[in-house]
Amino acid sequence: VRSEQALRDRTDRAGRLDAPTDATPDDPAELAMAGAVAHIDRGRVSDALERLTPLQRQAIDLAYFGACTQTEIAEILGVPLGTVKTRVRDGLIRLRDELGATV
Amino acid sequence: MSDDLHTMAGLYALDALDDLEMRRFERHLDECESCRIEVQEFREAAQRMSGPSQERPPSGLKARVIEEVQRTPQVHLRTGTTGHRRGRFVVGVLGAAASVVLVATLAVALVSTRSDLSDARALSELLGDPRSSSVTYRGADGVVARLVGSPGRDRLVVLLGDLPAIDSDRAYAIWLIGADGPKPMALVRPDGSGQALAVIDAPVDQFQTFGLTDEPAGGSPAPTGPIIVSGAV
């Protein structure tokens, strides 16, 4: 239940593209620009995700997209809790650095 | 103990700590500024993973897009020989940087010359959707085609750039080619800067290839001109 709530929260936070807040809804140029900007950002994010180690990626995917708790992740991956903590944090540090460097 | 607490910042930022550990970490956060900063940075990074955010794009990024767009007319994407006017198949897939510039340019140029809101909206939604797929091809003539497929593969946006001007009785035809041969999907004419956009609603998975030819303005049931650019869909 907690995971479902977390997933909902994330979805809410992530928001929807059909209402970019810096564009008036009826301005096609602004809409397309918002789309292009989002597209470019998506490219940067996938590049950054590619640079994670497979183990970091796996742990982050489970925690973020899978909305798993630390215990669930440790069970799924068959590794100690401490390892899960380190992998997720190291992965996020890399992600933050990769993304931060480009904006 | 303190090291152990610091390592929880990642899981905390992703809401993945168990309740007990979460409370422990929150007490730690009260007294550890570096962890507070880290959590905030991790959350921002994580939010970008989930795709388009509700918040404004970072101002620096947007400024750079605009800068690239303004610079683009001088950028020539063609690199190989341009001796052959037409008739060669795909020369290659462009690098990400060139594609980015192309998409941004087309997105802005197209919708500023036409006020077709539904096309702009379709384009915007597709480009911004993390689940959409995209690929860019370049034809022998330097013509660039970027295909963006919707997540459900029921819509394909074709962005064309560097199209040569054509006579008023001609048009560029976009084909999708599957087991039953080429099917005409759209006729487009380039704008003043050689760009065109088509939003194609079709079951993309039933086709293997996309192609572009020069046809009479009224269209043709099957391609008559040589292929200007093509590639897998």
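## Basis of the description

The expected span of a helix is 1.5 Å times one less than its number of residues. Helices (H or I, at least four residues) and strands (E, at least two) are DSSP runs numbered from the N terminus.

The model is predicted, so local features need pLDDT of at least 70 and side-chain atom pairs count only at pLDDT 80 or more, while totals for chains, interfaces and linings use all residues. Residues are numbered from 1 along each chain as its sequence is written, chains are lettered from A in the order in which they are written, and side-chain values use heavy atoms, with hydrogens and water left out.

## Helix H5 of chain A

Helix H5 of chain A covers residues 81-100, and its 20 residues reach 28 Å from the first C-alpha to the last, close to the 28 Å expected at 1.5 Å a residue.

Chain B contains 7 helices and 9 strands. Of its 233 residues, 50% are buried. Among contacts (heavy atoms within 4.5 Å) in chain B with a separation of 6 or more, 60% are between residues 24 or more positions apart.

An open sheet of 4 strands in chain B has the order S6-S5-S8-S9, with antiparallel pairing; two strands pair if DSSP finds at least two bridges between them. S6 and strand S9 (227-232) stand at the edges, each with a single partner strand, so one side of each has no neighbour in the sheet. From one strand to the next, the twist averages 25°.

Strands S5(B) (residues 170-178) and S6(B) (residues 181-188) are joined by 7 bridges. They form a hairpin with 2 residues between them, and Gly178(B) has Gly181(B) as its bridge partner in S6(B).

Axes are lines fitted to C-alpha atoms, for helices over the stretch in contact, and angles run from 0 to 180 degrees between N-to-C directions.

H3(A) contributes Ile60(A), Tyr64(A) and Phe65(A) to the contact, and H4(B) contributes Ala46(B), Gln47(B) and Met49(B).

How values were computed
Buried < 20%, exposed > 50% of the residue type's maximum accessible area, 1.4 Å probe, protein only.
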